[in-house]
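Q: Here is a model I would like to learn to read. Can we take it feature by feature?

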Amino acid sequence: MSGGDSLTATPARRVAGRVLGPLLPYVLHLRPAEWPIMAAHTALGWFLATGFTAPDRLATIGLLAWVVALNGGTLALNSAFDRDDDDVAYLRQPPPVPAGLAVVAMALMLAGALATWAAPTGFRWAYLACLIMSVLYSVPPIRLKAVGGVDWLINLVGFGTISPYAGWALSGRPLTPAASIIFVAFGALFAAFYPLTQLYQMDVDRERGDRTLAIRLGVGRSLVVALLGVGITFGMLAGAAWASEWGGREGMAPLGAPGARRGRMDRRARSVVSQGAGLEHHGAPARHVPRPRGVGTDRHCRPGGVGGVTSSPLARPCQRRYFRRGLDTLPEID
């Protein structure tokens with residue numbers, strides 16, 4: 001297909017061409033069709049660390065930089081040296097490579113690094129590592145994409161494992177064992193997907209002299225690798241669920257939340273308070289520990305009852321303060 005035809009091949013491209021003009025081929029080679037997948041994959045790390053909390057301003061900038069600047073720039077850099085005429089992953093009917101695409105891709109990736117310089121250290125290191133791998137993967141004379149097995153490892157580590165870790169790192173929270181297992185599991189999942197994205201361009205890769213993993217393995221063994229990768233992924237995800245006690249009585253909580261067992265502590269607190277209230281109503285004495293500052297001084301937080309707080313429903317806000325502070329402020333029941 002000619003360059004002009006590829007730029008007007010779909011209604012969306014025709015509309016975008018009116019807006020972007022000569023910039024359209026540069027944007028297409030960033031492969032925006034892949035952005036939602038990478039956005040969800042990277043944001044997974046953020047949500048695992050924080051729960052379903054909307055990203056703040058810095059995290060939003062970090063996610064955009066990772067998806068559009070780093071990931072999009074990586075794909076554009078790859079296009080600049082591959083110069084594919086046939087369909088490639090996430091880009092059907094690719095337009096001819098525009099002038100200076102490699103320079104634009106590198107500039108975009110570096111701009112993303114500068115835009116996220118204030119991000120937590122873990123994110124900056126992850127961004128730098130993936131930027132270096134992108135260059136080593138696509139740019140001659142090293143061009144690791146042409147080395148069967150190494151191309152697969154770079155996608156496993158960069159796309160699969162580091163991307164969700166980058167989302168986690170934006171929260172600034174230390175990495176937990178369960179989260180580490182999940183990120184490695186997604187590395188196995190992307191290791192399963194990668195050979196499948198190479199199968200339909202094996203002839204073109206052979207003509208170019210690239211010895212990708214799919215070419216070395218062939219179609220049959222590439223499918224076996226994909227199935228094994230998916231199986232390993234689900235096994236590791238099950239292990240992470242078991243390690244973090246998801247699905248049990250404790251329910252699901254953010255893996256990066258401070259005090260990962262706060263839910264269990266709250267339930268213990270409620271149990272102790274309810275037991276103490278029952279004993280008190282039957283005349284059993286309760287020995288109290290000193291109240292934290294501010295507790296027992298509100299209009300409904302009158303001295304008396306368990307922990308210096310009445311058992312009236314009006315005192316529940318006061319009791320919740322005890323639950324948040326943990327068991328250290330609860331009464332000792334004789």
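Q: In which helix does N155 lie?
A: This is a predicted model, so keep that in mind throughout. N155 lies in helix α8, which spans residues 150-169.

Q: Is N155 buried or exposed?
A: Read the relative accessible area against a cut-off: under 20% means buried. N155 has 12% relative accessibility, so it counts as buried.

Q: What does the side chain of N155 reach?
A: The side chain reaches the backbone oxygen of D151, at 2.9 Å.

Q: Which residues does N155 touch, not counting residues up to four places away in sequence?
A: With those sequence neighbours set aside, N155 touches Y137, G160, F190 and Y194.

Q: At what angle do the axes of α7 and α8 cross?
A: Start with the general idea. Two packed helices are described by the angle between their axes and the distance between the axes. Now the case here. Helix α7 covers residues 121-138. The axes of α7 and α8 cross at roughly 160° and come within 9 Å. Angles over 145 degrees count as roughly antiparallel. The two helices, α7 and α8, are therefore roughly antiparallel to each other. The crossing of α7 past α8 is left-handed.

Q: Which residues make the contact of α7 and α8?
A: From α7 come G122, F123, A126, C130, M133 and Y137. From α8 come D151, I154, N155, V157, G158, I162, Y165, A166 and A169.

Q: How do the residues of the contact of α7 with α8 divide?
A: There are 11 nonpolar, three polar and one charged.

Q: At what angle do α4 and α8 pack?
A: For α4 and α8 the angle is about 50°, with the axes 6 Å apart. The pair α4 and α8 is therefore oblique. The crossing of α4 past α8 is right-handed.

Q: Which residues make the contact of α4 and α8?
A: On the α4 side they are M38, H41, T42, G45, W46, L48 and A49. On the α8 side they are F159, G160, S163, P164, G167 and W168. The residues of this contact divide into seven nonpolar, six polar and no charged.

Q: Which residues does a cis peptide bond join?
A: The general idea covers two backbone features. Most residues other than glycine have a negative phi, and most peptide bonds are trans. Here a cis peptide bond joins P140 and P141, with omega about 5°. P141 is found in the loop between α7 and α8.

Q: What is phi of R143?
A: Phi of R143 is near 40°, a positive value in a residue other than glycine. R143 also sits in the loop between α7 and α8. With a relative accessible area of 11%, R143 is buried.

Q: What is phi of R31, and where does R31 lie?
A: Phi of R31 is near 55°, again positive in a residue that is not glycine. R31 lies in the loop between α3 (24-29) and α4 (35-50). R31 counts as buried, at 4% relative accessibility.

Q: How far apart are L7 and P94?
A: They are 87 residues apart in sequence and 8.3 Å apart in space, C-alpha to C-alpha. L7 is in helix α1, residues 3-7. L7 is partly exposed, at 25% relative accessible area. Leaving out residues up to four places away, L7 touches R13, R14, L24, P25, L28 and P95.

Q: What share of the contacts with a separation of 6 or more comes from residues 24 or more positions apart?
A: Such residues account for 70% of those contacts in the chain.

Q: How many helices and strands does the chain have?
A: The chain has 13 helices and two strands. Of its 334 residues, 41% count as buried.

Definitions and conventions: Residues numbered from 1 in each chain as written. Predicted model: local features only at pLDDT ≥ 70, side-chain atom pairs only at ≥ 80, totals over all residues. Heavy atoms only, no water. Helix = DSSP H or I, 4+ residues; strand = E, 2+ residues; numbered from the N terminus. Buried < 20%, exposed > 50% of the residue type's maximum accessible area, 1.4 Å probe, protein only. Polar contact = N/O pair within 3.5 Å; in protein donor to acceptor, adjacent residues only side chain to side chain. Contact = heavy atoms within 4.5 Å. Axes fitted to C-alpha atoms, helices over the stretch in contact; angles between N-to-C directions. Parallel < 35°, antiparallel > 145°, perpendicular 65-115°, else oblique. Left-handed = near helix turned anticlockwise from the far one by under 90°. Nonpolar A, V, L, I, M, F, W, Y, C, P; charged D, E, K, R; others polar.
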